Amino acid sequence: MNTFRILVFFESNGMKRRLVFVVNSLDSFESHRFPIAVSALKEGYDVFIIYGESRTAKLSQFVSIGIKLIKVSGRRGSTNIFLEVIYALELFSIVRNLKPDLIHLITLKPILYGGIAAWFCSVPALVIAVTGMGSIIIKRSLIASAFKALIRSALRIVTLHSNHTIIVQNIDDKADLIAWGVAKSKNVRLIAGSGVDLSQFCMTDEHDAIPVVTFLGRLIKDKGFSEFVDAVRILRNRGILARFWVVGSPDYENPTSVSKNELEKLSDENVVELLGYRENVTEIYNETNIVCLPSYREGLPKSLIEAAACGRAIVTTDVPGCRDAITPDVTGFLVPAKSPNALADKIQTLIENPDLRKQMGGAGRALAEKNFAIEKIVSQHLAIYEDLQNQ
């Protein structure tokens, strides 16, 4: 795609304020932030999305409502220095030509490269969305420590921008950023995840068939996928009658992704039912009794707030992000991370106590209505945009 020709075309779009999102994946933007872009259009912004990857996103739904898409060469898992330099230069060139009024950067690479581009190009306002620092925080090695120090230094440079707001999804990420010297409390806003459309994710009655326990997410080890499988093995050995679904696909760009060989062995073992990626996840929640996400760390997992909205009891880990998505012992259970036995115990409790899980599901729906409604999340983003524009 010829970036220069795209930019010349975009120059003729009038005097609207220009809002530019920079993301790794258009798929993730579509599932997590599309309503923000739609509402920004309605508020009079000219909306652009610079993205690196797109596999399942429906490009036509962006273009049909007036969102401009610019594809660049950036990839999440790339460690090729040459390609990274090209990506950074592409972003710099695009930002310099577009002259946005506001840039919204989402996830680590866009934050680092886009933030530096915004600084050099004197972009008036900057939003930095930290969607979870799991990959930075949870690794324990010499290389990981060196990488963490590099990221801290780069983030300090990005946050030198005189008019910026950092959005975090849980209080632990806020505390860590302040402790690192990357952020000041006055510049950090806590927004509870990406929100959920309560009219789409409706509470439904549980089915009366064999209970279904569902893991829904990318098949990576940092999501606790191995612990989920081990917990299922424990429950099978105990003779617990239930079905165990895995909904999602591997993420081979992520170094902790489950391999093809591991999935083939699991399929042969028949310990869990591998359903793969599903687009209409509401159907999955409707057929599910218990949702399980034993992740090591999250921002605020969308699957858990969707499960709550659908009135499903949850078993998750007592780690940042996951514990922020539930009310412990009210909408679900918390267990220690990397603890298959504890995970199996709580799943078994909910399998054997349908009244308890239905009670938790009802409380989960109430929690979603109070904290996670998409309208609330969108309005908080737009308020930040306006605050920055008025400074």
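Two strands count as paired if DSSP finds at least two bridges between them. Keep that in mind, everyone, as we walk through this one. Strands here are DSSP runs of E with at least two residues, helices are runs of H or I with at least four, and both are numbered from the N terminus.

A quick word on the source. This is a predicted model, where local features need pLDDT of at least 70 and side-chain atom pairs count only at pLDDT 80 or more, while totals for chains, interfaces and linings use all residues. Residues are numbered from 1 along each chain as its sequence is written, and side-chain values use heavy atoms, with hydrogens and water left out.

On confidence: pLDDT is the predictor's confidence in each residue, from 0 to 100. The protein chain has a mean of 90, and 92% of its residues reach 70 or more. Residues 1-9 have pLDDT below 50, and beyond near neighbours in sequence that stretch makes 10 contacts in the model, a contact being heavy atoms within 4.5 Å. Where pLDDT is low, the predicted coordinates should not be read in detail.

Now to strand E2, residues 45-53. Four bridges join E2 to E3, running parallel, with Ile 49 opposite Leu 69 of E3. E2 also pairs in the parallel sense with strand E1, residues 17-25, over eight bridges, and there Val 23 has Tyr 51 as its partner.

Gly 74 is buried because its relative accessibility is 3%. Leaving aside neighbours within four places in sequence, Gly 74 touches Gly 52, Glu 53 and Tyr 87.

Further along is strand E11, residues 290-293. Ile 290 and Cys 292 point one way, Val 291 and Leu 293 the other, and all are buried. Three bridges tie E11 to strand E8 in parallel, where Val 213 stands opposite Ile 290. On to strand E12: four bridges, again parallel, with Thr 316 partnering Leu 293. The chain gets from E11 to E12 through helix H13, residues 302-309, in a right-handed β-α-β crossover (clockwise from the first strand over the helix to the second, with the strands pointing away from the viewer).

And who does H13 meet? Ile 305, Ala 308 and Ala 309 in H13 meet Gly 361, Gly 364, Arg 365 and Ala 368 in H15. Thanks, everyone!

How values were computed
Buried < 20%, exposed > 50% of the residue type's maximum accessible area, 1.4 Å probe, protein only.
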